Amino acid sequence: MNYLAHSYLSFDHHEVLVGNMISDFVKGKARYDFPVGVQKGITLHRAIDNFTDEHPATKEAKQFLKPAVGLYAGAFVDVAYDHFLANDELEFTDDLLQEHAASTYAVLENHEHVLPDRFKVMLPHMKSQNWLYNYRTAWGTEQSFGGVVRRARYLDSAAVVFDLFQKHYVQLQKCYKAFFPHLKAYAAKEFQLL
């Protein structure tokens, strides 16, 4: 899952949200440099990622994008899942998504003193371009695909994988629907164990 799901599956706990959002920027034992609540969010993020990667629906979804991006298919499926989550009427109305996005940015800004430097640099762009809300749109999803390409070692364009995303939209959405209720229940259980 990408930023929207990680923020949403923090269950309104501010420090867990911070850890869940910054986890990819924290390597190894550096997690222990953070407050305990943030460490719990990092732990939750990693559990969510492992569950997502191992789920049969995710493995199926990757096959639709793999021809264009190989081993990076999982990263693009994460973005696609955030698109479907943003449009999931069982989880968000338009207003609720706007509120969730604004609240998430505010929590992150209030915890700026603990954010890793690379995340601090990214946060103003995330907020000004309203990444969390714009997963709802084709434009925002395509922009997020571009972000994956910029971080990838051997990819230079998101166009081909975005075309595959559009071509297999219905199948990818079915994968999301088969997957997300399981993830939400799993994350809620893991959250209780933190």
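Predicted model: local features only at pLDDT ≥ 70, side-chain atom pairs only at ≥ 80, totals over all residues.
1. Serine 23 counts as buried because its relative accessibility is 2%, and buried means under 20%.

2. Now look at the surroundings of serine 23. Leaving aside residues up to four places away in sequence, serine 23 touches Ile42, His45 and Arg46. With arginine 46 there is also a polar contact between the side chains, at 3.3 Å.

3. On to the aromatic rings, where the count comes to 18 aromatic pairs. One of them is the edge-to-face pair of phenylalanine 145 and phenylalanine 162, with 5.8 Å centre to centre and 80 degrees between the planes. This pair links distant parts of the chain: phenylalanine 145 belongs to helix 9 (residues 138–151) and phenylalanine 162 to helix 10 (residues 159–167), 17 residues apart. Phenylalanine 145 is buried at 0% relative accessibility, and phenylalanine 162 is buried at 5%.

4. Another pair to view is phenylalanine 165 with tyrosine 169. Their ring centres are 5.4 Å apart and their planes meet at 70 degrees, so the pair is edge-to-face; the cut-off for that label is over 60. Phenylalanine 165 is buried, with a relative accessible area of 2%, whereas tyrosine 169 is partly exposed, at 26%.

Terms used. Residues numbered from 1 in each chain as written. Heavy atoms only, no water. Buried < 20%, exposed > 50% of the residue type's maximum accessible area, 1.4 Å probe, protein only. Polar contact = N/O pair within 3.5 Å; in protein donor to acceptor, adjacent residues only side chain to side chain. Contact = heavy atoms within 4.5 Å. Phe/Tyr/Trp six-rings, centres within 6.5 Å; stacked < 30°, edge-to-face > 60°. Helix = DSSP H or I, 4+ residues; strand = E, 2+ residues; numbered from the N terminus.
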